[in-house]
Amino acid sequence: MSASDRLQRYLSDERGSCTSDALQERLEELEELDAAVGGPDLEADVDLLSALSNETRYKIVRILHTADEELCVCEFAPLLDVSDSAISHALSQLTEAGLLTRRKDGKWRKYRSTNRATAILIALDGSRSIVP
């Protein structure tokens, strides 16, 4: 059964009948909805959420947000039970996603959470009290 056949069956169930014009109208409405949520913002948001979807990366963002200051890459090793290369990789992913800034200070790299990271963490914290 094709997607449009299922949609036609659904519309018939909901409305009692479904003409081809009604089906076409609904398909156009759904395409407008798809266009409204797609595009570069959707891709960027998925990249950002993907960057947070790992416990190590999420914890790094939380640590930097809570610290409210720059931390050197070397300061994460005692806090995280992963290799130095895993920490470096996580920091790179978070920086690319726009959740951290990176600054070189001599031979050290220092990281800080961005305003976007702060906004997301505040939203997550606030959502915990919402009962489904």
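Before anything else, I set contact to mean heavy atoms within 4.5 Å. With that, I looked up Phe76: leaving out residues up to four places away in sequence, Phe76 touches Ile60, Ile63, Leu64, Leu71, Ile87 and Leu91.

The model is predicted, so to keep in mind: local features need pLDDT of at least 70, side-chain atom pairs count only at pLDDT 80 or more, and totals for chains, interfaces and linings use all residues. Residues are numbered from 1 along each chain as its sequence is written, and side-chain values use heavy atoms, with hydrogens and water left out.

Next, the cores. I take a nonpolar core as a set of buried Ala, Val, Leu, Ile, Met, Phe, Trp, Tyr and Cys residues joined through side-chain atoms within 4.5 Å; buried is under 20% relative accessible area, exposed over 50%, partly exposed in between (1.4 Å probe, protein chains only). The largest core has 21 residues, and Phe76 and Ile60 are among those with the most contacts inside it. Helices 3 (40-52), 4, 5 (84-96) and 6 (115-127) each supply at least two of its residues. Helices here are DSSP runs (H or I, at least four residues), numbered from the N terminus. Another core, of five residues, lies apart and includes Leu7 and Cys18.

Buried or exposed, I wondered about Arg62: which is it? Arg62 counts as buried because its relative accessibility is 17%. Arg62 sits in helix 4 (residues 55-67), and beyond four places in sequence Arg62 contacts Leu121, Leu124, Asp125 and Arg128.

Last, Leu30: this residue of helix 2 (residues 20-37) is partly exposed, because its relative accessibility is 32%.
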